[in-house]
Amino acid sequence: MDNIYAPLSEACAKALSDKTYDKRKLASQEVEKMVAEFNNAKNTKQIQKILKVLEREFVTSRDLNKKKGGLIALAGASIGLGKDTEVFINDLVHPILNCLSDADTKVRYSATESLYNVVKVARSSIIPIFPEIFSALSRLVTDPDQNVKNGSELLDRLLKDIVTESSQTFALDSFIPLLRERIYAKNSFARQFIISWISILNAVPEINMVVYLPEILDGLFQMLEDNMVEIHRMCGTLLAQFLRSIRNDPDSADMPAMTNILIGHAQTSNELIQFTAITWISEFVQLSGPRMMKFASGIFTAILPCLAYEDSRKQIRECAQLVNKDLLDLVSSKEDKLNNLKNLDLDSVMEVLRQYLGHSSVHTKVAVLKWIHHLFTEIHEEMSIHSVSLFPVLLGVLSDSSDDVVLQGLVVLAEIINSNSANDDFKQTQYRKFLLSLLNLFSEEKSFLENKGSLIIRQLCVLLNAELIYRTFAEIICEETTNIKFASTMVRTLNTILLTSSELFDLRNSLKDIRNKKSATLFECLYKCWAHCPVSTLSLCLLAQCYQHVSALVVIFGNLEVTVEFLMEIDKLVQLIESPIFASLRLTLISQDKKSQDAQYLAQALFGILMLLPQTDAFHLLKNRLQCVPMYWGHATQAEGTQSIEKQSSIDFDALLVHFQKVQQYHHQQRMIQRRRSIVLWE
């Protein structure tokens with residue numbers, strides 16, 4: 001019968017199948033010797049026969065001893081071949097690779113040992129089949145058996161040495177897909193294995209791994225969430241090395257290709273991943289500049305929530321703030337402004353900014369509002385199409401609990417109004433539209449007016465034209481016929497702001513000179529509106545130095561319904577008369593001109609107010625003040641005296657008085673109707 005193991009002897013074949021390692025080892029040495037002799041004789045056919053027999057009869061056998069014998073014999077054959085192993089590399093390696101996934105632990109270990117020996121002899125000859133070896137090795141490193149794992153580590157180190165030596169012939173393009181496929185492994189040992197290989201390749205001067213970074217960056221970031229601290233350290237160090245390489249040679253990195261990956265990881269709940277991702281984004285913005293503008297909406301999605309972080313995540317917050325600042329600088333850059341804006345997808349940016357206006361954090365909302373304002377100031381023409389959709393959103397911002405958010409919202413609204421104001425008529429229309437919306441908000445929510453009304457109106461007077469704001473408010477309120485109680489409340493609020501706020505200093509000075517036509521028309525406009533509130537009307541006239549008219553109003557007050565609210569307002573007015581704002585009024589009382597009509601009318605008016613007051617603290621305060629005044633009040637006003645300021649103006653005070661009485665009569669009628677309704681409901 002023919003020897004099926006030929007050219008191996010039956011004795012050699014039997015020894016290779018023996019259950020003892022020593023006999024299998026001796027047999028492998030015999031194989032080694034035979035292969036060496038055939039190789040020296042250039043007898044390639046016989047070598048191929050031996051390798052084929054080892055694969056067919058031993059390595060693929062179901063007999064475990066035969067498998068182990070065949071594996072050790074293949075290693076012996078490679079030793080016998082020496083430098084000529086390259087010629088038979090496929091015949092040697094492929095049978096071994098198949099055994100690396102064998103169910104038997106000892107077979108897997110023998111295969112690992114055999115492959116190590118073959119690779120050790122073959123060295124750079126394994127480069128053409130490296131992807132196959134690497135795939136097998138990536139499974140071995142997670143093997144449950146410690147001996148197999150130890151063997152894989154030895155093989156791993158050997159392969160790294162060979163690849164480093166053969167870097168110029170190493171096919172990186174075919175290796176990267178292997179990395180990309182395995183980089184998402186969840187096993188910590190597999191992750192450690194992948195990171196170590198990327199680190200080794202990145203350390204080789206001839207290999208530029210930064211070029212391939214977009215393909216593996218996502219997986220590297222996912223590894224940062226591993227439970228093993230060692231993985232964090234290795235991965236963090238590797239990412240830092242990559243970032244350093246990008247910083248040194250920005251042109252080598254495809255930053256746009258990596259940015260969306262970073263944006264995704266910057267939104268994770270894992271603090272390490274988030275901080276690392278935002279750090280990279282910050283570097284990219286500084287290095288790439290204009291190219292990053294097309295990712296602005298995504299970057300905003302990532303960094304804006306981070307601005308709200310407390311000190312426990314201070315590093316992330318500070319890094320996000322830096323990115324935000326750098327992007328702001330890019331938009332306003334004089335050198336690259338056109339280029340930057342060309343890359344900016346304004347629609348997607350505005351969609352994100354509108355979304356984050358509803359964020360819970362004050363810092364985030366303020367940052368969003370500053371961005372909207374910045375865009376309006378830098379590219380107001382491009383932003384004009386967003387004005388209409390932004391208006392209702394910004395009005396909603398005004399009811400925010402934070403003053404910082406409200407103030408910044410007003411800055412944006414003011415910029416929108418001013419940037420759209422091509423002429424005075426258009427400006428007035430814009431003011432009216434905005435202030436009408438604001439008044440509707442105030443009327444719908446009383447607490448909003450009480451808590452934020454003064455702040456909003458004062459700030460608007462700083463940001464916009466205070467006179468136009470007050471004129472427009474007055475015109476709108478004058479048209480109110482249904483909710484006249486709100487009209488009265490609104491007038492009271494506007495009047496308090498007018499008399500007490502430093503922001504309205506210029507407007508007060510303007511009203512003090514009604515001899516000027518412009519001031520006179522402003523006074524008339526306000527008066528018609530202020531008529532909804534008697535005490536506010538009185539204080540407006542005192543401010544405008546219309547003392548004769550004040551005297552006439554005080555007389556009419558005697559016929560008005562005196563309510564607790566009315567007395568409280570009079571009380572506040574007395575307090576105001578003692579304030580610095582009415583210093584000129586108090587000085588008028590001691591005018592050196594004994595025939596001064598203003599001084600006499602003022603004295604009469606103040607005594608009239610005194611008579612309206614019950615004997616409260618305000619009564620005694622005003623009484624003490626009037627005791628310092630010369631006794632004009634007891635004498636008739638002299639016609640030939642110095643003409644009063646109101647007489648020198650063009651204002652028809654008689655018509656205004658009629659208007660005041662008409663408005664007050666309407667208020668009285670509405671109160672009566674309300675009371676009758678209350679009685680009916682009670683019954």
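R313 lies over the face of Y309, 3.7 Å from the ring centre. A charge counts as sitting over a ring if NZ of Lys or CZ of Arg is within 6 Å of the ring centre and within 35 degrees of the ring normal. K149 lies over the face of F189 as well, at 3.9 Å from the ring centre.

Before we go on, a word on the model. It is predicted, with local features needing pLDDT of at least 70 and side-chain atom pairs counting only at pLDDT 80 or more, while totals for chains, interfaces and linings use all residues. Residues are numbered from 1 along each chain as its sequence is written, and side-chain values use heavy atoms, leaving out hydrogens and water.

Searching the whole structure gives 20 aromatic pairs. Rings of Phe, Tyr and Trp (its six-membered ring) pair if their centres lie within 6.5 Å; planes under 30 degrees apart count as stacked, over 60 as edge-to-face and the rest as tilted.

| Pair | Centre to centre | Angle between planes | Type |
|---|---|---|---|
| F134 and F193 | 5.1 Å | 25 degrees | stacked |
| F134 and W197 | 5.6 Å | 85 degrees | edge-to-face |

F134 lies in helix α7 (residues 130-140) and F193 in helix α10 (residues 188-203), so their pair ties together parts 59 residues apart in sequence. Helices here are DSSP runs (H or I, at least four residues), numbered from the N terminus. W197 is also in helix α10, so its pair with F134 in helix α7 ties together parts 63 residues apart in sequence.

Are F134 and F193 buried or exposed? Both are buried, meaning under 20% relative accessible area with a 1.4 Å probe, protein chains only. W197 is buried too. Ring pairs link F134, F193 and W197 with F130, F170 and F175 into a cluster.

Note on methods: Helices (H or I, at least four residues) and strands (E, at least two) are DSSP runs, numbered from the N terminus. Buried means under 20% relative accessible area, exposed over 50%, partly exposed in between (1.4 Å probe, protein chains only).
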